[in-house]
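Hi everyone, thanks for coming.

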Amino acid sequence: MTPALNIINVNKNFDGTIALDDFSLEVPRNSITGIIGPNGAGKTTLFNVITGFLPLDSGKITFNDKNVARMPSYQIMRLGVARTFQQLRLITRMTVQDNILLSFQNQAGEHLKNTFFFPGRVKEEEKRNEEKATELLSFMGIEDKASDLVEDLSYGQQKMVSLACCLASGADLLLLDEPVAGINPETIDNILSVIAKLPEGGKTVVLIEHNMDAVMQVCHTVVFMDEGKKIVEGVPESVRNDPAVLKAYLE
Ligand SMILES: Nc1ncnc2c1ncn2[C@@H]1O[C@H](COP(=O)(O)OP(=O)(O)O)[C@@H](O)[C@H]1O
Ligand SMILES: [Mg+2]
């Protein structure tokens, strides 16, 4: 089976600073891949080039066998790629439910023509989306927060909402930038158990995370990168015990 995501010899520099150095990675469908590495290793840049937020200098990236390397971001998203950000991009003065509703793609109500000529269809779609939002929030165990304003939630709960928004997009490939950084152990467990269930629902996950225990717990494959290069790739246990990784984490 072809990989969900195939990154082939990708290079990216910023005015001579090499952020990605001949980076290659195959991500199998319905898997969870963890990207670890020190600050400045190029992890976020990797997400930025996969999603078309930044152009790459050279190389190729395919998603479901389609070359996305020169595509604009919105088109890549439309193919089924979604991401979360280190800086959560939520509308904090809106409720949790409304943030989720905004994330559903292709809402009929967004097309003015439908609003005028098929108001019934729009109402139906709204109702269906509300049900889907409730279902999603229950899946994540935060259905009791649906009508809370995002600004009233703890940081950990806000991170759950940002993950929920990512799932609401319906994307098959989810890129999560530090999904559990900076939150309490209980919420970490909740988020990890949600992430662990995603592959059986047909999702492919790539996550960046400093929390080694979290990475060990949910990832099928772990990649250690440094200075834009892939240094080690393998099953979590072997990567954790790799001398280069041990050295980086002890420093
Ligand atoms: N938009 C940018 N403009 C200039 N330099 C950048 C930009 N984004 C990242 N870099 C540089 O690229 C390197 C990799 O950064 P980044 O991908 O953010 O690392 P990580 O997420 O692993 O901490 C760093 O040297 C960083 O300073
Ligand atoms: Mg980063």
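Let me start with one side chain: E131 is partly exposed, at 44% relative accessibility. Here, buried means under 20% relative accessible area, exposed means over 50%, and partly exposed is in between, using a 1.4 Å probe and protein chains only. K127, at 54%, counts as exposed.

Before going on, some housekeeping. This is a predicted model, where local features need pLDDT of at least 70 and side-chain atom pairs count only at pLDDT 80 or more, while totals for chains, interfaces and linings use all residues. Residues are numbered from 1 along each chain as its sequence is written, chains are lettered from A and ligands numbered from 1 in the order in which they are written, and side-chain values use heavy atoms, with hydrogens and water left out.

Back to our pair. K127 and E131 form a salt bridge, at 3.4 Å from N to O. By salt bridge I mean a side-chain nitrogen of Lys or Arg within 4 Å of a carboxyl oxygen of Asp or Glu. Both residues sit in helix α5 (residues 119-139), 4 residues apart, which is about one helical turn. Helices (H or I, at least four residues) and strands (E, at least two) are DSSP runs, numbered from the N terminus.

How many salt bridges does this rule give? The count is 7. Another one joins K229 and D21, whose closest N and O atoms are 3.2 Å apart. That pair links distant parts of the chain, with K229 in strand β10 (residues 229-234) and D21 in strand β2 (residues 17-27), 208 residues apart. K229 is partly exposed at 34%, and D21 is partly exposed at 25%.

Strand β2 brings us to a sheet. Four strands make an open, antiparallel sheet in the order β2-β1-β4-β5. The edges are β2 and β5 (66-67), each with a single partner strand, so one side of each has no neighbour in the sheet. Two strands pair if DSSP finds at least two bridges between them; β1 (residues 5-14) and β2 pair over 7 bridges. For one of these positions, look at N13, whose bridge partner in β2 is I18.

Now for the spaces. On a 1 Å grid over the protein atoms alone, a cavity is a set of points where a 1.4 Å probe fits but cannot get out, and a pocket is an open set with protein on both sides within 12 Å along at least five of seven lines; lining residues have an atom within 4 Å of a point.

The largest pocket holds about 650 Å³ of space, where volume is the space filled by probe spheres set on the points, joined across faces, edges and corners. Which residues lie nearest its centre? They are M77, R83, S103, C165 and S169, out of 22 lining residues. Domain 1 (1-80 + 174-251) and domain 2 (89-170) each give at least three residues to that lining; the domain bounds come from an automatic or database domain assignment.
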